[in-house]
Structure formats: structure tokens, C-alpha cells
Amino acid sequence: QVQLVESGGGLVQAGGSLRLSCAASGRTFSRYATGWFRQPPGKEREFVSAISIEWRGTRAYYADSVKGRFTISRDNAGNTVYLQMSSLKPEDTAVYYCAVEESYGSGSSLLKTETYDYWGQGTQVTVSS
């Protein structure tokens, strides 16, 4: 059974940093794209970042709102993906979810929730002002 488990969330002051982890079990996902999404209170789930294996190599995608502040990476085995978040802002407060897709997706498809086949339970990130 496929399972994704996020960890690393918590409470941090504005300007601080957190590193989220997404650990996959049940299958090897090293060839597939992994995305991070977040859902702020009272709002819809939105794309944050994704990492995929494409013909040119590993490629990272970022939402404009986090570009330059967040960095996505994966371990060598490919079953853990990290989201390093720096210069956090109160508007980054949300439940953060990781997701994996099995379609070798790339490009704009990775920004869409419907692209992904498996989702974690989420981890809360709260940034105080």
C-alpha cells in the first residue's frame, strides 16, 4: 500500500525557516514527479513546488509566491522529497501536502492537483508575525 508521510511542520516566526519532508513507502517513486501543495485557512489548495525527472535531468518548479525562498530536493534513493522554506511570511501559513504522480508528468501539468495520484495527510505550518 502506498503511503506518503509529511513531517517538519510547526510554528515559526516570520523570517524563519523550516524544512518539510515527504517520505514515500510501499513503492519506489524515484522516477515520478513529487509536488508540494498547501491549503491556507479558508482557501483552496494551491501549488507550491514540484520536482520531476525529465529528459534533461531533474527539474524543479515553483509558484511565483515562493520562488527564491523555497527549495525542493530529493534524496538519492528518490523516496524522500524535501521542501526547504526560508524567509517565511505569515501568508505561508497553511497545511502543506506532498503528492506523487505516476504519469511521468512535466511542465504545467505538475501545477494541477488532479495530476497527482497519491497524497499525504498534510503537515501544519504556522508563521507568526
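Biologist: Quick one to start: is glycine 16 buried or exposed?

Modeller: Bear in mind that this is a predicted model. Glycine 16 has a relative accessible area of 18%, and the cut-off for buried is under 20%, so glycine 16 counts as buried.

Biologist: Where is glycine 16 placed?

Modeller: In the loop between strand 2 (10–13) and strand 3.

Biologist: And what does glycine 16 touch, leaving out residues up to four places away in sequence?

Modeller: Met85, Ser86, Ser87 and Leu88.

Biologist: OK, changing topic. How many disulfides are there?

Modeller: The count is 1 disulfide. Cysteine 22 is joined to cysteine 98, with an S to S distance of 2.1 Å.

Biologist: Which parts of the chain does that pair link?

Modeller: Distant ones. Cysteine 22 sits in strand 3 (residues 18–25) and cysteine 98 in strand 9 (residues 94–100), 76 residues apart.

Biologist: Is the link right-handed or left-handed?

Modeller: Right-handed, with 65° about the S-S bond. Both cysteine 22 and cysteine 98 are buried, by the way.

Biologist: Now the largest nonpolar core. Which residues have the most contacts inside it?

Modeller: Trp36, Phe70, Leu83, Met85 and Tyr96, in a core of 33 residues. Several strands each supply at least two of its residues, among them strand 3, strand 4 (34–39), strand 5 (46–54) and strand 11 (123–128).

Biologist: Which strand gives the most to this core?

Modeller: Strand 9, with 5 residues.

Biologist: Back to Tyr96, then. What is tyrosine 96 in contact with, leaving aside neighbours within four places in sequence?

Modeller: Quite a list, including Glu6, Leu20, Trp36, Arg38, Phe70, Leu83, Met85 and Val125. Met85 also turned up among the residues that glycine 16 touches.

Biologist: Last topic, cavities. How many of 30 Å³ or more does a search of the whole structure find?

Modeller: The search finds 1 cavity, and the volume of the largest cavity is about 40 Å³.

Biologist: What lines the largest cavity?

Modeller: Leu4, Cys22, Ala24, Phe29, Thr34, Arg74, Gly78, Asn79, Thr80, Val81 and Val100. Cys22 there is the cysteine 22 of the disulfide.

How values were computed
Residues numbered from 1 in each chain as written. Predicted model: local features only at pLDDT ≥ 70, side-chain atom pairs only at ≥ 80, totals over all residues. Heavy atoms only, no water. Disulfide = S-S within 2.5 Å. Helix = DSSP H or I, 4+ residues; strand = E, 2+ residues; numbered from the N terminus. Buried < 20%, exposed > 50% of the residue type's maximum accessible area, 1.4 Å probe, protein only. Contact = heavy atoms within 4.5 Å. Core = buried A, V, L, I, M, F, W, Y, C linked by side-chain atoms within 4.5 Å. 1 Å grid on protein atoms, 1.4 Å probe; cavity = no way out; pocket = protein on both sides within 12 Å on 5 of 7 lines; lining within 4 Å. Points joined across faces, edges and corners; volume = space filled by probe spheres on them.
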